[in-house]
Amino acid sequence: MAKKKKFVIGLIGEKGAGKGTISDYLMEKYGAEHFGTSRILKRTVEDLYLPATRNNLVKLALMLKEGFWPSVVIDALIRDIEKGKAQIAIADGIRMHGDVEPFKKKYGRNFKLIYVTAPIRTRYERTKKRKEKVGEDKTTFEEFLAEEGQLTEISIHEIGKNADLTIHNVGDVKKIFQQIDKFLK
Amino acid sequence: MASGKGTVAKYIENKYFAKSHKFSAPLRDVLSRIYVSNNRKNMQELSFALRQLFGQDLLAKTISQDVENDKNLVVVVDGIRRFADIKYLKHLPGFKLVYITADIKTRYERMTKRGENDDEENKTFEQFQLDNQAEPESEIPRVGETADATINNNGSQEELYEQIDKIINN
(Lines give C-alpha, C1' and ligand atoms only; values in the text may rest on other atoms or scores of the structure.)
Protein backbone atom coordinates (compact mmCIF):
# COMPACT_ATOMS: atom_id res chain seq x y z
CA MET A 1 0.00 0.00 0.00
CA ALA A 2 1.36 3.38 -0.93
CA LYS A 3 2.16 5.67 1.97
CA LYS A 4 -0.15 8.64 2.21
CA LYS A 5 1.60 11.82 1.29
CA LYS A 6 2.45 13.97 4.25
CA PHE A 7 1.08 17.42 4.81
CA VAL A 8 3.86 19.85 5.67
CA ILE A 9 3.40 23.24 7.29
CA GLY A 10 6.43 25.45 6.92
CA LEU A 11 6.89 28.13 9.56
CA ILE A 12 8.74 31.33 8.87
CA GLY A 13 8.95 34.35 11.12
CA GLU A 14 11.21 37.01 12.51
CA LYS A 15 12.70 36.39 15.91
CA GLY A 16 10.21 36.84 18.68
CA ALA A 17 7.28 36.65 16.26
CA GLY A 18 5.95 33.65 18.16
CA LYS A 19 6.51 30.67 15.88
CA GLY A 20 6.72 28.53 19.01
CA THR A 21 3.15 29.38 20.05
CA ILE A 22 1.82 28.47 16.60
CA SER A 23 3.89 25.32 16.51
CA ASP A 24 2.64 24.21 19.95
CA TYR A 25 -0.94 24.75 18.84
CA LEU A 26 -0.47 22.71 15.67
CA MET A 27 1.02 19.88 17.71
CA GLU A 28 -1.73 19.88 20.30
CA LYS A 29 -4.72 20.35 18.06
CA TYR A 30 -3.63 18.47 14.93
CA GLY A 31 -1.08 16.00 16.29
CA ALA A 32 1.56 17.55 14.09
CA GLU A 33 5.17 16.56 14.55
CA HIS A 34 7.76 19.30 14.89
CA PHE A 35 10.97 19.31 12.84
CA GLY A 36 13.51 22.10 12.84
CA THR A 37 16.83 23.02 11.36
CA SER A 38 17.98 23.57 14.94
CA ARG A 39 18.48 19.81 15.30
CA ILE A 40 21.27 20.20 12.80
CA LEU A 41 22.54 23.68 13.57
CA LYS A 42 22.09 24.09 17.32
CA ARG A 43 23.37 20.64 18.21
CA THR A 44 26.43 21.07 16.04
CA VAL A 45 27.27 24.41 17.59
CA GLU A 46 26.80 22.92 21.06
CA ASP A 47 28.99 19.92 20.25
CA LEU A 48 31.75 22.40 19.44
CA TYR A 49 31.23 24.26 22.74
CA LEU A 50 30.34 27.41 20.85
CA PRO A 51 27.60 29.67 22.20
CA ALA A 52 24.31 28.95 20.38
CA THR A 53 23.81 32.56 19.33
CA ARG A 54 21.67 33.36 16.33
CA ASN A 55 24.79 34.65 14.63
CA ASN A 56 26.68 31.36 15.04
CA LEU A 57 23.70 29.33 13.82
CA VAL A 58 23.37 31.50 10.72
CA LYS A 59 27.11 31.34 10.05
CA LEU A 60 27.03 27.56 10.24
CA ALA A 61 24.01 27.32 7.93
CA LEU A 62 25.64 29.56 5.33
CA MET A 63 28.87 27.55 5.50
CA LEU A 64 27.08 24.24 4.95
CA LYS A 65 25.13 25.67 2.00
CA GLU A 66 28.28 26.99 0.43
CA GLY A 67 30.44 23.96 1.20
CA PHE A 68 28.00 21.26 0.08
CA TRP A 69 25.00 22.46 -1.88
CA PRO A 70 22.49 25.30 -1.40
CA SER A 71 19.61 23.18 -0.12
CA VAL A 72 21.69 20.78 2.02
CA VAL A 73 20.10 21.81 5.33
CA ILE A 74 16.55 21.81 3.99
CA ASP A 75 17.10 18.47 2.24
CA ALA A 76 18.20 17.03 5.57
CA LEU A 77 15.11 18.46 7.22
CA ILE A 78 12.92 16.79 4.57
CA ARG A 79 14.67 13.44 5.21
CA ASP A 80 13.92 13.85 8.92
CA ILE A 81 10.28 14.64 8.14
CA GLU A 82 10.00 11.56 5.92
CA LYS A 83 11.32 9.41 8.76
CA GLY A 84 8.70 10.82 11.14
CA LYS A 85 5.46 9.03 11.91
CA ALA A 86 2.91 11.84 11.98
CA GLN A 87 0.82 12.68 8.93
CA ILE A 88 1.21 16.39 9.51
CA ALA A 89 4.69 17.80 9.93
CA ILE A 90 5.88 21.24 10.96
CA ALA A 91 9.02 22.46 9.20
CA ASP A 92 10.50 25.09 11.44
CA GLY A 93 13.45 27.33 10.72
CA ILE A 94 12.81 28.36 7.12
CA ARG A 95 14.60 31.66 6.65
CA MET A 96 16.72 31.94 3.53
CA HIS A 97 16.07 32.30 -0.17
CA GLY A 98 15.86 28.84 -1.69
CA ASP A 99 14.55 27.24 1.50
CA VAL A 100 10.95 26.96 0.26
CA GLU A 101 11.50 25.43 -3.18
CA PRO A 102 12.63 21.95 -2.02
CA PHE A 103 9.38 21.65 -0.02
CA LYS A 104 7.24 22.72 -2.98
CA LYS A 105 9.04 20.28 -5.21
CA LYS A 106 8.60 17.39 -2.80
CA TYR A 107 5.10 18.04 -1.45
CA GLY A 108 3.46 20.26 -4.04
CA ARG A 109 0.08 21.47 -2.80
CA ASN A 110 0.58 19.52 0.39
CA PHE A 111 3.03 22.14 1.52
CA LYS A 112 1.80 25.39 3.03
CA LEU A 113 3.93 28.23 4.28
CA ILE A 114 2.76 30.20 7.31
CA TYR A 115 4.39 33.53 8.02
CA VAL A 116 4.25 34.58 11.65
CA THR A 117 4.97 38.22 12.32
CA ALA A 118 4.51 40.92 14.95
CA PRO A 119 5.56 44.56 15.47
CA ILE A 120 9.23 44.96 16.23
CA ARG A 121 8.74 46.37 19.75
CA THR A 122 6.59 43.39 20.72
CA ARG A 123 9.11 40.97 19.30
CA TYR A 124 11.94 42.67 21.13
CA GLU A 125 10.14 42.40 24.48
CA ARG A 126 9.42 38.70 23.85
CA THR A 127 13.02 37.74 23.05
CA LYS A 128 14.18 39.46 26.21
CA LYS A 129 11.83 37.33 28.26
CA ARG A 130 12.38 33.91 26.73
CA LYS A 131 16.20 33.56 26.62
CA GLU A 132 15.94 30.89 23.93
CA LYS A 133 19.29 31.79 22.42
CA VAL A 134 22.45 32.80 24.23
CA GLY A 135 22.68 36.52 24.93
CA GLU A 136 19.13 37.31 23.87
CA ASP A 137 18.08 38.69 27.23
CA LYS A 138 20.91 41.21 27.28
CA THR A 139 20.34 42.72 23.83
CA THR A 140 19.44 46.42 23.74
CA PHE A 141 16.70 47.63 21.42
CA GLU A 142 19.32 49.37 19.26
CA GLU A 143 21.25 46.10 18.86
CA PHE A 144 18.00 44.31 18.08
CA LEU A 145 17.24 46.85 15.35
CA ALA A 146 20.72 46.47 13.88
CA GLU A 147 20.37 42.67 13.76
CA GLU A 148 17.08 43.09 11.93
CA GLY A 149 18.93 44.79 9.12
CA GLN A 150 21.13 41.77 8.41
CA LEU A 151 20.55 40.05 5.09
CA THR A 152 19.53 36.78 6.70
CA GLU A 153 16.80 38.58 8.66
CA ILE A 154 15.58 40.62 5.71
CA SER A 155 15.10 37.42 3.69
CA ILE A 156 12.59 36.21 6.31
CA HIS A 157 10.41 39.21 5.58
CA GLU A 158 10.79 38.82 1.82
CA ILE A 159 9.93 35.12 1.79
CA GLY A 160 7.12 35.74 4.27
CA LYS A 161 5.41 38.10 1.85
CA ASN A 162 4.69 35.14 -0.44
CA ALA A 163 3.41 32.83 2.27
CA ASP A 164 0.06 31.04 2.00
CA LEU A 165 -1.03 32.51 5.32
CA THR A 166 0.20 35.48 7.32
CA ILE A 167 -0.45 35.58 11.04
CA HIS A 168 -0.13 38.89 12.87
CA ASN A 169 0.71 37.44 16.20
CA VAL A 170 -0.53 40.12 18.56
CA GLY A 171 -3.61 40.32 20.70
CA ASP A 172 -6.10 37.56 21.34
CA VAL A 173 -4.52 34.12 20.90
CA LYS A 174 -7.94 32.51 20.46
CA LYS A 175 -8.60 34.58 17.35
CA ILE A 176 -5.24 33.60 15.94
CA PHE A 177 -5.95 29.93 16.53
CA GLN A 178 -9.33 30.34 14.81
CA GLN A 179 -7.53 31.86 11.85
CA ILE A 180 -5.30 28.78 11.65
CA ASP A 181 -8.26 26.40 11.94
CA LYS A 182 -10.04 28.17 9.12
CA PHE A 183 -6.96 28.04 6.95
CA LEU A 184 -6.39 24.34 7.46
CA LYS A 185 -9.99 23.31 6.77
CA MET B 1 46.42 6.36 8.33
CA ALA B 2 45.70 2.72 9.22
CA SER B 3 48.72 2.41 11.50
CA GLY B 4 46.55 0.73 14.12
CA LYS B 5 45.33 3.65 16.24
CA GLY B 6 41.86 2.17 16.42
CA THR B 7 43.17 -1.21 17.63
CA VAL B 8 45.27 0.49 20.27
CA ALA B 9 42.32 2.62 21.38
CA LYS B 10 40.05 -0.46 21.64
CA TYR B 11 42.64 -2.39 23.63
CA ILE B 12 43.13 0.46 26.11
CA GLU B 13 39.36 0.93 26.37
CA ASN B 14 38.81 -2.72 27.27
CA LYS B 15 41.82 -3.35 29.45
CA TYR B 16 42.00 -0.04 31.29
CA PHE B 17 38.30 0.93 31.29
CA ALA B 18 39.14 3.97 29.22
CA LYS B 19 37.00 6.03 26.94
CA SER B 20 38.28 7.20 23.58
CA HIS B 21 37.58 10.44 21.78
CA LYS B 22 38.17 11.09 18.13
CA PHE B 23 38.88 14.43 16.50
CA SER B 24 36.64 13.39 13.69
CA ALA B 25 33.62 12.71 15.92
CA PRO B 26 32.03 16.17 15.62
CA LEU B 27 32.69 16.13 11.87
CA ARG B 28 31.03 12.73 11.48
CA ASP B 29 28.09 13.95 13.56
CA VAL B 30 27.56 17.02 11.38
CA LEU B 31 27.76 15.01 8.17
CA SER B 32 25.33 12.38 9.44
CA ARG B 33 22.89 15.10 10.50
CA ILE B 34 22.84 16.51 6.98
CA TYR B 35 22.97 13.04 5.36
CA VAL B 36 26.23 13.75 3.53
CA SER B 37 28.79 10.99 2.93
CA ASN B 38 31.60 10.89 5.49
CA ASN B 39 34.37 10.31 2.96
CA ARG B 40 37.79 11.77 3.66
CA LYS B 41 37.30 14.67 1.26
CA ASN B 42 34.08 15.84 2.89
CA MET B 43 35.53 15.48 6.38
CA GLN B 44 38.58 17.53 5.46
CA GLU B 45 36.57 20.22 3.73
CA LEU B 46 34.18 20.47 6.64
CA SER B 47 37.05 20.62 9.11
CA PHE B 48 38.70 23.37 7.05
CA ALA B 49 35.51 25.41 6.78
CA LEU B 50 34.60 25.07 10.46
CA ARG B 51 38.07 26.18 11.51
CA GLN B 52 37.96 29.13 9.15
CA LEU B 53 34.62 30.18 10.54
CA PHE B 54 35.14 29.64 14.25
CA GLY B 55 38.93 29.69 14.67
CA GLN B 56 41.83 27.46 13.61
CA ASP B 57 42.02 25.81 17.02
CA LEU B 58 38.29 25.03 17.20
CA LEU B 59 38.57 21.23 17.11
CA ALA B 60 41.61 21.24 19.41
CA LYS B 61 39.61 23.19 21.94
CA THR B 62 36.56 20.96 21.52
CA ILE B 63 38.44 17.73 22.15
CA SER B 64 40.32 19.17 25.09
CA GLN B 65 36.99 20.17 26.61
CA ASP B 66 35.58 16.70 25.89
CA VAL B 67 38.53 15.11 27.69
CA GLU B 68 38.20 17.44 30.64
CA ASN B 69 34.52 16.55 30.96
CA ASP B 70 35.34 12.84 30.83
CA LYS B 71 35.20 11.19 34.26
CA ASN B 72 37.26 8.11 33.33
CA LEU B 73 40.74 7.63 34.76
CA VAL B 74 42.31 6.79 31.40
CA VAL B 75 41.20 8.74 28.35
CA VAL B 76 42.33 8.07 24.79
CA VAL B 77 42.44 10.79 22.13
CA ASP B 78 42.55 9.22 18.72
CA GLY B 79 43.59 11.02 15.55
CA ILE B 80 46.15 13.68 16.45
CA ARG B 81 47.77 14.89 13.24
CA ARG B 82 49.02 18.44 13.65
CA PHE B 83 50.88 20.36 16.31
CA ALA B 84 47.80 22.58 16.49
CA ASP B 85 45.74 19.53 17.54
CA ILE B 86 47.58 19.27 20.88
CA LYS B 87 47.66 22.98 21.59
CA TYR B 88 45.24 22.57 24.52
CA LEU B 89 45.57 18.85 25.22
CA LYS B 90 49.24 19.08 26.10
CA HIS B 91 48.41 21.32 29.04
CA LEU B 92 46.12 18.75 30.62
CA PRO B 93 47.80 17.01 33.56
CA GLY B 94 48.81 13.43 32.74
CA PHE B 95 48.81 13.93 28.98
CA LYS B 96 51.09 11.52 27.09
CA LEU B 97 51.56 11.57 23.33
CA VAL B 98 52.00 8.13 21.76
CA TYR B 99 53.11 7.85 18.13
CA ILE B 100 51.87 4.74 16.34
CA THR B 101 53.43 3.95 13.01
CA ALA B 102 53.86 1.09 10.53
CA ASP B 103 55.20 0.50 7.01
CA ILE B 104 53.14 2.12 4.30
CA LYS B 105 52.36 -1.18 2.50
CA THR B 106 51.07 -2.73 5.71
CA ARG B 107 48.95 0.34 6.39
CA TYR B 108 47.53 0.31 2.87
CA GLU B 109 46.46 -3.31 3.19
CA ARG B 110 44.82 -2.64 6.53
CA MET B 111 42.92 0.34 5.20
CA THR B 112 41.40 -1.43 2.22
CA LYS B 113 40.19 -4.19 4.54
CA ARG B 114 38.49 -2.04 7.17
CA GLY B 115 36.38 0.41 5.11
CA GLU B 116 35.98 2.88 7.98
CA ASN B 117 35.14 5.78 5.69
CA ASP B 118 32.94 5.58 2.63
CA ASP B 119 35.77 5.73 0.08
CA GLU B 120 38.43 3.46 1.58
CA GLU B 121 37.73 0.07 0.08
CA ASN B 122 38.54 0.88 -3.52
CA LYS B 123 41.47 3.23 -3.05
CA THR B 124 44.63 2.45 -5.08
CA PHE B 125 48.06 2.28 -3.47
CA GLU B 126 49.12 5.34 -5.49
CA GLN B 127 46.21 7.36 -4.16
CA PHE B 128 47.01 6.17 -0.65
CA GLN B 129 50.60 7.40 -1.03
CA LEU B 130 49.36 10.78 -2.22
CA ASP B 131 46.95 11.02 0.73
CA ASN B 132 49.88 10.42 3.06
CA GLN B 133 51.86 13.29 1.58
CA ALA B 134 48.96 15.72 1.68
CA GLU B 135 47.68 17.86 4.52
CA PRO B 136 46.95 16.91 7.28
CA GLU B 137 48.73 13.52 7.13
CA SER B 138 52.06 15.05 6.15
CA GLU B 139 52.61 16.62 9.54
CA ILE B 140 52.21 13.35 11.49
CA PRO B 141 55.87 12.19 11.39
CA ARG B 142 57.08 15.54 12.72
CA VAL B 143 54.53 15.55 15.52
CA GLY B 144 55.47 11.91 16.14
CA GLU B 145 59.08 12.89 16.75
CA THR B 146 58.01 14.85 19.81
CA ALA B 147 55.98 11.97 21.26
CA ASP B 148 56.52 10.56 24.74
CA ALA B 149 56.56 7.04 23.28
CA THR B 150 56.58 5.40 19.84
CA ILE B 151 54.95 2.13 18.86
CA ASN B 152 56.07 0.31 15.71
CA ASN B 153 53.05 -1.69 14.70
CA ASN B 154 54.47 -4.01 12.04
CA GLY B 155 54.33 -7.18 14.07
CA SER B 156 51.71 -9.29 15.78
CA GLN B 157 48.86 -8.09 17.93
CA GLU B 158 50.52 -9.59 21.02
CA GLU B 159 53.63 -7.53 20.42
CA LEU B 160 51.47 -4.44 19.99
CA TYR B 161 49.60 -5.04 23.24
CA GLU B 162 52.86 -5.62 25.08
CA GLN B 163 54.18 -2.25 23.93
CA ILE B 164 50.98 -0.52 25.06
CA ASP B 165 51.03 -2.12 28.53
CA LYS B 166 54.61 -0.99 28.99
CA ILE B 167 53.72 2.62 28.17
CA ILE B 168 50.66 2.75 30.40
CA ASN B 169 52.29 1.05 33.37
CA ASN B 170 55.35 3.20 33.11
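Guide: The model is predicted. Two packed helices are described by the angle between their axes and the distance between the axes. Here the pair is α1 (residues 5–16) and α8 (residues 157–169) of chain B, whose axes come within 11 Å and cross at roughly 60°. An angle of 65 to 115 degrees would count as roughly perpendicular and one under 35 as roughly parallel, so α1(B) is oblique to α8(B). The crossing of these two helices is right-handed. On the α1(B) side, the contact is made by B:T7, B:V8, B:Y11, B:I12 and B:Y16. Facing them from α8(B) are B:L160, B:Y161, B:I164 and B:I168. By class, eight residues of this contact are nonpolar, one is polar and none is charged.

Chain A can be described as a whole. Chain A has nine helices and five strands, and from the N terminus its elements run β-α-β-α-α-α-β-α-β-α-α-α-β-α. Of its 185 residues, 31% count as buried. A compact globule with 185 residues would have a radius of gyration near 16 Å, and chain A agrees, with 16 Å.

The two chains also meet: 16 residues of chain A are in contact with 16 residues of chain B. On the chain A side, the elements that give two or more residues are α2 (38–47), α3 (54–67) and α4 (72–83). The residues on that side divide into ten nonpolar, two polar and four charged.

How values were computed:
Residues numbered from 1 in each chain as written. Chains lettered and ligands numbered in written order. Predicted model: local features only at pLDDT ≥ 70, side-chain atom pairs only at ≥ 80, totals over all residues. Contact = placed C-beta atoms within 7 Å. Helix = DSSP H or I, 4+ residues; strand = E, 2+ residues; numbered from the N terminus. Nonpolar A, V, L, I, M, F, W, Y, C, P; charged D, E, K, R; others polar. Rg over C-alpha atoms; globule rule 2.2 N^0.38 Å. Buried ≥ 20, exposed ≤ 12 C-beta atoms within 10 Å, placed from the backbone. Axes fitted to C-alpha atoms, helices over the stretch in contact; angles between N-to-C directions. Parallel < 35°, antiparallel > 145°, perpendicular 65-115°, else oblique. Left-handed = near helix turned anticlockwise from the far one by under 90°.
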